[in-house]
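Try each task before you read its solution.

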Amino acid sequence: MRTIAVVTTSRSDYGIYLPILRRIQDDSILKLHLIASGMHLSPEFGLTVNSIEDDGFDIGDRVEMLLSSDTPEGIAKSMGLGTIGFAQAYARFRPDILLLLGDRFEMHAAAVAALPFNIPVAHIHGGESTEGVIDEALRHSITKMSHIHFASTERYGRRIIQMGEEPLRVVVSGAPSLDNLNNFSPLSDEDLKQTSGLTLSDSPLLVTYHPVTLEYKQTQSRTKELLDALQGTERSIIFTLTNADTEGTTIISMIREFARHKNRCQVVDNLGTQSYFTLMSRAAAMVGNSSSGIIEAASFNLPVVNIGDRQRGRLHGKNVIDVGNNSDEIVAGIKTALTPKFRAGLKDMDNIYGDGHASERIVSRLKEVNLDRELMLKHFHDFDGT
């Protein structure tokens, strides 16, 4: 048996992992060791580790690392606590391969702790760019600590090679979150209300807004610009809340105060994959700066108003309207997104992030890769630009 340890830190990465976790769990020669950390273990964020267990997955390890503070000092201390916690977990149990996803500071702590143990690291969603957040540096750092790379597009795969990684280490898998759509059926209104507490009366605006961590001092003013832009819309609004980032609680408190005075607004702390995709299938448009607007929304032909710099640098489809941070630009973007002409132009668009078979490619590589000296001994590949 080959043991694959998978680190999950929030509902967002868990939803992306889900088809991979199920494929590993069903494989006769692989064993899943799930490590829960970050927001999953925090009552403040809904203690979502319980939902993972409800889905039938055992938790192999729990790594507590989040402080209640979301200041720069608090985030940095959480990173240090995470490194200690993951080191203790690896000392108890050393997996054959460690699978990490994305660019979160919690994932970076897991990668740093794995280095002295010589644990092979496989990384999903490397080579991408999000210029407005500290995640940009964390993602590329994880790439250099990893031994196997699963890129979501050909261009991102080339970027990983450009960073000195050998081509034989890179698999263009596509984005695994799209695999969740293969057997997706939208929930009925009744089931959506039962699972999430949400009531749909029309096609809402689906709003998710995260801190731009390289500009965290502007979080309050930038959030006010977004809420001012939403003030004038008569359409119902569903807010999903932010991750555990610097100044994230500022956004959460402002959104809750905004929604408290408006019957047309609903706020939801945590959504499972099926509920979230149901909202995407029913929404008139997405507004905010979430990666889901860049990656998954195209599969629903869903217009997206992408605000500011958080996702700047990421490839996206023609459904995405990039706007600045001021309310006038956001309002103009929403008006464009809601026009029948814009929506009609998205009919049958292709999603550049894959074909829904990423988990098959990822798990196949995890099974077949030789866990030998050549895997661990990395050679810098000089990129010739071709």
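**Exercise 1.** Work out the strand order of the open six-stranded sheet, and find its edges.

Solution. Keep in mind that this is a predicted model. Step one: tracing the pairings gives the order β10-β9-β8-β11-β12-β13, with parallel pairing. Step two: look for strands that pair on one side only, and you land on β10 (265–268) and β13 (320–323) as the edges. Step three: going from one strand to the next, the twist averages 20°.

**Exercise 2.** Which helix packs on this sheet, touching β9 and β10?

Solution. That's α9 (residues 248–260), which touches β9 (237–240) and β10. Compare directions and you get about 145° between α9 and β10.

**Exercise 3.** Find how β11 and β12 are joined.

Solution. Strand β11 (residues 285–288) pairs with strand β12 (residues 304–307) in the parallel sense, over three bridges.

**Exercise 4.** Describe how α8 and α12 cross.

Solution. First, the axes of α8 (residues 219–231) and α12 (residues 327–337) come within 8 Å and cross at roughly 45°. The crossing is right-handed. Next, list the contacts: E225, L226, D228, A229 and L230 from α8 meet S327, I330, V331 and I334 from α12. Sorted by type, the residues of this contact come out as six nonpolar, one polar and two charged.

Technical notes: Residues are numbered from 1 along each chain as its sequence is written. This is a predicted model: local features need pLDDT of at least 70, side-chain atom pairs count only at pLDDT 80 or more; totals for chains, interfaces and linings use all residues. Side-chain values use heavy atoms; hydrogens and water are left out. Axes are lines fitted to C-alpha atoms, for helices over the stretch in contact, and angles run from 0 to 180 degrees between N-to-C directions. Helices (H or I, at least four residues) and strands (E, at least two) are DSSP runs, numbered from the N terminus. A crossing is left-handed if the near helix is turned anticlockwise from the far one by less than a right angle, and right-handed if clockwise. Contact means heavy atoms within 4.5 Å. Ala, Val, Leu, Ile, Met, Phe, Trp, Tyr, Cys and Pro count as nonpolar, Asp, Glu, Lys and Arg as charged, and the others, Gly among them, as polar. Two strands pair if DSSP finds at least two bridges between them.
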